[in-house]
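Colleague: I have a new model open on my screen and would like to talk it through with you. Could you take my questions one by one?

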Amino acid sequence: MKLSEMNTQQLAACLCKIAPALERIGMDEGTNRAFAALSGKLEGGTRMQQLAQMVGALVPALLGAHFDDMVTIVAAMTGKTEEGVRAQNGFATIRDVKSFFDEDFLDFFRSSAAQEQSE
């Protein structure tokens, strides 16, 4: 479910479930290096090249180092159990992730990143 579609109670419950996972991801030096390596690179090249750079940098950082955290986030955002997310078809998980990325969700992370860059 998209953040913009959640009522206040759903949003609070979801954010409480995902906050520890987001903290672990955000505090991880490897993840930070992967995001920093992408900074500025995505402005040039084709969309395919930009996507390839994102996948190459972020998949190992997020799914390699933070698989359990990603499962927690997907489960909380979709209302599924973590066991259900782990067992479902991989493309179903990709659809789930795509379903909760809306502008509100992205703006939440963009504002955090912009604040960090200005410090």
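Modeller: Happy to, and what follows is a set of questions and answers about this predicted model.

Colleague: Let's begin with the overall fold. How many helices and how many strands does the protein have?

Modeller: Read along the sequence, the pattern is α-α-α-α-α-α-α. The secondary structure therefore comes, by runs of H or I for helices and E for strands, to a simple count. That count is seven helices and zero strands.

Colleague: Which percentage of the residues is buried?

Modeller: A residue counts as buried when its relative accessible area is under 20%. The protein has 119 residues, and the buried part of them is 25%.

Colleague: Now the salt bridges. How many does the structure hold?

Modeller: One of them pairs Arg24 with Asp69, another pairs Arg86 with Asp68, and Lys80 forms one with Asp96. The number of salt bridges in the structure is three.

Colleague: Take Arg24 and Asp69. How far apart are their closest N and O atoms, and how many residues lie between the partners' positions in sequence?

Modeller: The closest N and O atoms of this salt bridge are 2.6 Å apart. Arg24 lies in helix α1 and Asp69 in helix α4, so the bridge ties together parts of the chain whose separation in sequence is 45 residues.

Colleague: Which residue forms a salt bridge with Arg86?

Modeller: Arg86 is in helix α5, and at 42% relative accessibility it counts as partly exposed. The closest N and O atoms of the salt bridge are 3.0 Å apart, and the partner of Arg86 is Asp68. The pair links distant parts of the chain, 18 residues apart, with helix α5 (residues 82-87) holding Arg86 and helix α4 holding Asp68.

Colleague: And Lys80 with Asp96: which of the two counts as buried?

Modeller: Their closest N and O atoms are 2.8 Å apart. The pair links distant parts of the chain, 16 residues apart, with Lys80 in the loop between α4 and α5 and Asp96 in helix α6 (residues 90-100). Lys80 has 34% relative accessibility and so counts as partly exposed. At a relative accessible area of 11%, the buried residue is Asp96.

Colleague: What about Val71 and Val85: what is their C-alpha distance?

Modeller: Val71 is in helix α4 and is buried, with a relative accessible area of 4%. The C-alpha atoms of Val71 and Arg86, 15 residues apart along the chain, are separated by 7.0 Å. For Val71 and Val85, 14 residues apart in sequence, the distance is 6.5 Å.

Colleague: Last, the second largest pocket. Which element gives the largest share of its lining?

Modeller: This pocket has a volume of about 150 Å³. The elements that give two or more residues to its lining are α1 (8-27) and α4 (67-78). The largest share, four residues, comes from α1.

Colleague: By class, how many residues in that lining are nonpolar, polar and charged?

Modeller: The lining includes Met1, Met6, Cys14 and Met77, along with Gln10, Gly79, Lys17 and Lys80. Gly counts as polar here, so Gly79 falls in that class. By class, the lining has seven nonpolar, two polar and two charged residues.

Conventions. Residues numbered from 1 in each chain as written. Predicted model: local features only at pLDDT ≥ 70, side-chain atom pairs only at ≥ 80, totals over all residues. Heavy atoms only, no water. 1 Å grid on protein atoms, 1.4 Å probe; cavity = no way out; pocket = protein on both sides within 12 Å on 5 of 7 lines; lining within 4 Å. Points joined across faces, edges and corners; volume = space filled by probe spheres on them. Salt bridge = Lys/Arg side-chain N within 4 Å of Asp/Glu carboxyl O. Buried < 20%, exposed > 50% of the residue type's maximum accessible area, 1.4 Å probe, protein only.
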